[in-house]
Amino acid sequence: MGRILITDFMTMQTVSSGGDGEIREFLMTDEDFAQIARLAGELTGIVLGDHKRNMVYSRIARRVRAYGFTTFRQYLDYLEKNLDAESTEFINSLTTNLTSFFRENHHFSFLKDTLFPQLKFANKDRKRLRIWSAGCSIGQEAYSIAITLRQVGFPSDWDIKILATDLDSNVLDTGRAGVYPASHVEGLDAALVKRFFLLSRDERSVQVKDELRDLVYFKRLNLLESWPVKGPFDIIFCRNVVIYFNKDTQRILFDRYADLLPVGGHLMIGHSENISGITDRFESIGNTIYRKVK
Ligand SMILES: C[S@@+](CC[C@H](N)C(=O)[O-])C[C@H]1O[C@@H](n2cnc3c(N)ncnc32)[C@H](O)[C@@H]1O
């Protein structure tokens with residue numbers, strides 16, 4: 001895809017075209033894009049194909065602007081020299097954090113009607129439950145699990161923890177605060193919202209109640225690196241995360257999840273993700289629901 005440079009004679013600033021007729025504020029060359037893609041792969045496992053060029057431009061342009069640089073090259077030189085300080089912002093810019101409460105609701109119906117009642121019985125002597133939301137984004141997946149747990153109702157002397165992890169430090173801050181625009185709960189059942197959320201005075205935002213926040217522990221964790229987590233888990237949610245990774249990274253991840261689950265433990269993945277042909281350590285027991293077999 002060719003890039004052309006255009007001089008804006010009003011400001012005498014050189015701008016670039018994205019190759020699609022769109023005039024751009026900063027120059028991003030093919031080499032710049034390749035370097036961003038390589039760094040993203042190394043740091044996060046996220047694969048940035050050529051079709052992600054425009055997305056990458058608009059997200060990284062914010063960082064270029066923040067430093068007052070005029071080209072991507074200047075920013076990338078700075079990033080390479082200051083990786084410790086800037087890599088978090090670079091990573092935060094590239095992650096896709098799309099999520100919602102009760103997204104892919106069949107998982108929560110399965111928890112409510114089948115799995116939690118089963119675990120209530122299976123773990124009755126241990127009185128312990130561990131769930132991991134890996135790639136939790138702003139925490140709505142973990143809080144949806146927490147709501148379902150409260151709805152099913154476990155005895156108060158059980159030791160229950162939901163670990164919510166992500167690589168992006170900004171989304172973790174939002175998750176910890178548990179404050180969201182009121183529009184995020186609009187589609188949910190009104191009685192559920194009343195029970196589990198506090199509405200702000202101006203009615204523009206909601207905060208999850210402490211009975212949910214008490215269950216969820218947020219932690220920064222890069223799935224490509226070592227995992228300072230204590231298993232075993234009963235259930236792992238890793239939904240709409242591995243879709244950004246290549247197959248080899250997916251295999252390594254699924255195997256590591258299997259290592260942290262007992263035989264019979266469950267793994268939930270996203271609607272466009274698939275385990276079959278990648279690892280044989282899980283069997284499918286329903287729509288994107290898997291059980292560890294070995
Ligand atoms: C699309 S969101 C999915 C959120 C939630 N699981 C859901 O399905 O609604 C993907 C999340 O994965 C996180 N992520 C991407 N690469 C990661 C990595 N290497 N380690 C940990 N989290 C990662 C992103 O920061 C992002 O918040």
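A pocket, on a 1 Å grid over the protein atoms alone, is an open set of points with protein on both sides within 12 Å along at least five of seven lines. A molecule sits in a pocket if more than half of its atoms lie within 2 Å of its grid points. The model is predicted, with local features needing pLDDT of at least 70 and side-chain atom pairs pLDDT 80 or more, while totals for chains, interfaces and linings use all residues. Residues are numbered from 1 along each chain as its sequence is written, and side-chain values use heavy atoms, without hydrogens and water.

Select the ligand first. The ligand sits in the largest pocket.

Now show polar contacts (N or O pairs within 3.5 Å). The side chain of Arg 103 places an N or O atom 2.9 Å from a ligand oxygen. The protein buries 99% of the 600 Å² that the ligand exposes when taken alone (Shrake-Rupley, 1.4 Å probe).

Finally, colour domain 1 (4-94) and domain 2 (106-292), bounds taken from an automatic or database assignment. Their C-alpha centres are 33 Å apart. Eleven residues of domain 1 and ten of domain 2 make the contact (heavy atoms within 4.5 Å).

Technical notes. Polar contact = N/O pair within 3.5 Å; in protein donor to acceptor, adjacent residues only side chain to side chain. 1 Å grid on protein atoms, 1.4 Å probe; cavity = no way out; pocket = protein on both sides within 12 Å on 5 of 7 lines; lining within 4 Å.
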